[in-house]
Amino acid sequence: MIDLKKHIRSVPDFPKPGIMFYDIGTLLAHGPAWHETVRRLADIVRPMKPDVLIGIESRGFLVAAPLAAMLEIGFVMMRKKGKLPGRTVAHHYDLEYGTDTVEMQEDILRPGQRAIICDDLLATGGTAVAVASLARKAGADIIHAAFIIELAFLGGRKKLDIPVTSLISYDE
């Protein structure tokens with residue numbers, strides 16, 4: 001069994017001093033480790049029988065798209081404001097220092113669809129909560145959230161009102 005944590009590069013002081021950035025670029029670059037990551041996520045997600053996976057811009061696309069293809073289900077993009085064509089719906093939310101907005105195409109989710117949120121990293125949970133809220137406005141049933149990495153010490157899991165799975169956890 002591949003130790004996925006060995007394929008995550010830690011980059012100190014990025015994007016600003018005092019922040020440790022956990023880079024999945026090295027995981028993506030290692031074919032067997034990346035394949036194992038997607039396989040493990042598929043084993044977790046498959047029994048839940050979702051209709052669609054929701055990927056959060058931008059690294060969440062790298063997680064959700066191959067997973068959705070493997071499971072032969074739909075993939076929905078949640079993007080930053082102004083990045084999607086056509087009519088969109090938005091959700092504004094607070095960050096630690098400011099605000100942000102996520103958007104999805106207006107007709108991309110249908111009421112009652114079973115959806116799982118996928119991203120590379122769960123930190124404070126603010127973006128995942130915003131994505132869940134926006135998807136629910138469209139009538140989707142958010143049943144789970146799956147991440148490659150969780151920064152457990154930031155408590156993001158506690159903000160989500162759905163079950164959460166992460167393959168790798170950092171406790172400090």
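Modeller: A residue is called buried when its relative accessible area is under 20%, exposed when that area is over 50%, and partly exposed in between, with a 1.4 Å probe and protein chains only. The model is a predicted one, in which local features need pLDDT of at least 70 and side-chain atom pairs count only at pLDDT 80 or more, while totals for chains, interfaces and linings use all residues. Residues are numbered from 1 along each chain as its sequence is written, and side-chain values use heavy atoms, with hydrogens and water left out.

Rings of Phe, Tyr and Trp (its six-membered ring) form a pair if their centres lie within 6.5 Å, and the pair is stacked with planes under 30 degrees apart, edge-to-face over 60, and tilted for the rest. Three aromatic pairs are counted by this rule. One of them is formed by Tyr22 and Tyr170, whose ring centres are 3.9 Å apart with planes at 25°, so this pair is stacked. Because Tyr22 belongs to strand E2 (residues 20-23) and Tyr170 to strand E9 (residues 164-170), the pair ties together parts 148 residues apart in sequence; helices (H or I, at least four residues) and strands (E, at least two) are DSSP runs numbered from the N terminus. Tyr22 counts as buried at 11% relative accessibility, and Tyr170 counts as buried at 10%.

Another pair joins Phe61 and Phe75, with ring centres 5.9 Å apart and planes at 80°, so it is edge-to-face. Since Phe61 is in helix H3 and Phe75 in strand E4, this pair ties together parts 14 residues apart in sequence. Phe61 counts as buried at 16% relative accessibility, whereas Phe75 is partly exposed, with a relative accessible area of 30%.

The surroundings of this second pair can be followed along the chain. Strand E3 (residues 52-56) and strand E4 (residues 74-80) run parallel and are joined by five bridges, where strands pair if DSSP finds at least two bridges between them. Val52 has Gly74 as its bridge partner in E4. From E3 the chain passes through H3 (residues 59-71) to E4 in a right-handed β-α-β crossover, meaning that, with the strands pointing away from the viewer, the path from the first strand over the helix to the second runs clockwise. E4 is also joined to strand E6 (residues 98-105) by two bridges, and these strands run antiparallel; here the bridge partner of Lys80 in E6 is Val102.

Phe75 is also one of the contacts of Leu53, which, leaving aside neighbours within four places in sequence, include Ala64, Leu67 and Val76; contact means heavy atoms within 4.5 Å. Leu53 and Leu67 are among the residues with the most contacts inside the largest nonpolar core, which has 27 residues. Such a core is a set of buried Ala, Val, Leu, Ile, Met, Phe, Trp, Tyr and Cys residues joined through side-chain atoms within 4.5 Å. Both H3 and E9 are among the elements that each supply at least two residues of this core, and helix H2 gives the most, with six.
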